[in-house]
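Hello,

Here is the structure for you to look over. My notes follow below it.

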Amino acid sequence: MRTLGILGGMSWESTQYLYALINRGVAARLGGLHSAQLLLHSVDFAQIAVLQSTGDWPEAARVLGEAGAGLRRAGAEALLIATNTMHLVATEVERAAGLPVLHIVDVTAEALRAAGVRRAGLLATRFTMEHGFYRDRMRERFGIEVITPDEAGRADVHRLIYEELCCGRFEPASRELLRAQVAQLADRGAQAAILGCTELGLSLPAGSPAALPLFDSTELQARAAVDWMLG
């Protein structure tokens, strides 16, 4: 089994979910008492959130790059960034850490393409929905068009993530807000909805009743991690 490093804590709510998914995946494949060979660096999310809100992405990349380099020195052979948003600096993290990143956009796009989806809606943080790294990578590498909610919808989803889900609050009203956004994306021609924030699947799991099929990026990231670890 290869050793995987995880850059987590953004938020820890989703990191523990990802950790459990990877370990369950390894146990399902190998049986018995097998679990995943992982190294975890969990950051203080409050510090990263300030860098996000002020647009200081170079400093955020430096922090994660240094953490990734530490995981490499500890024996990690590749990295998982346990958040969609911070893939905005994935290239810089790879360079600083000296390790490849198993990119969450790629594994999500591969699942969409396998399902025949050519136009997908994206629910995520404002940073992920409004910066081009997700949309451009999907289009240029996989030929998938990505659409997002309108301005008010993006604000609602962003607030829900940071004020509720990252704090461990999963309210029924918030789940209905997400379902309403999925329905609007369906009305605009989306064939599927990407849960493009690692916390969203905790509120509206893939397979839940919704106007579109739901693709949980965290679940897909965990499956890719297990595939990579076990070769």
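**Histidine 87 and its surroundings**

Leaving out residues up to four places away in sequence, histidine 87 touches Ile81, Val101, Leu102, His103, Ile104, Phe133 and Gln221 (contact means heavy atoms within 4.5 Å). Histidine 87 sits in the loop between β3 (78-81) and α4 (90-97). Helices (H or I, at least four residues) and strands (E, at least two) are DSSP runs, numbered from the N terminus. With 3% relative accessibility, histidine 87 counts as buried (under 20% relative accessible area; exposed is over 50%, partly exposed in between; 1.4 Å probe, protein chains only).

A word on the source. This is a predicted model, where local features need pLDDT of at least 70 and side-chain atom pairs count only at pLDDT 80 or more, while totals for chains, interfaces and linings use all residues. Residues are numbered from 1 along each chain as its sequence is written, and side-chain values use heavy atoms, with hydrogens and water left out.

**Helix crossing**

The axes of α5 (residues 104-114) and α11 (residues 217-230) come within 9 Å and cross at roughly 100° (axes are lines fitted to C-alpha atoms, for helices over the stretch in contact; angles run from 0 to 180 degrees between N-to-C directions). So α5 is roughly perpendicular to α11 (65 to 115 degrees; under 35 is roughly parallel, over 145 roughly antiparallel, the rest oblique). On α5, the contact is made by Ile104, Val107, Thr108 and Ala111. On α11, Ser217, Leu220, Gln221 and Ala224 make it.

Best wishes
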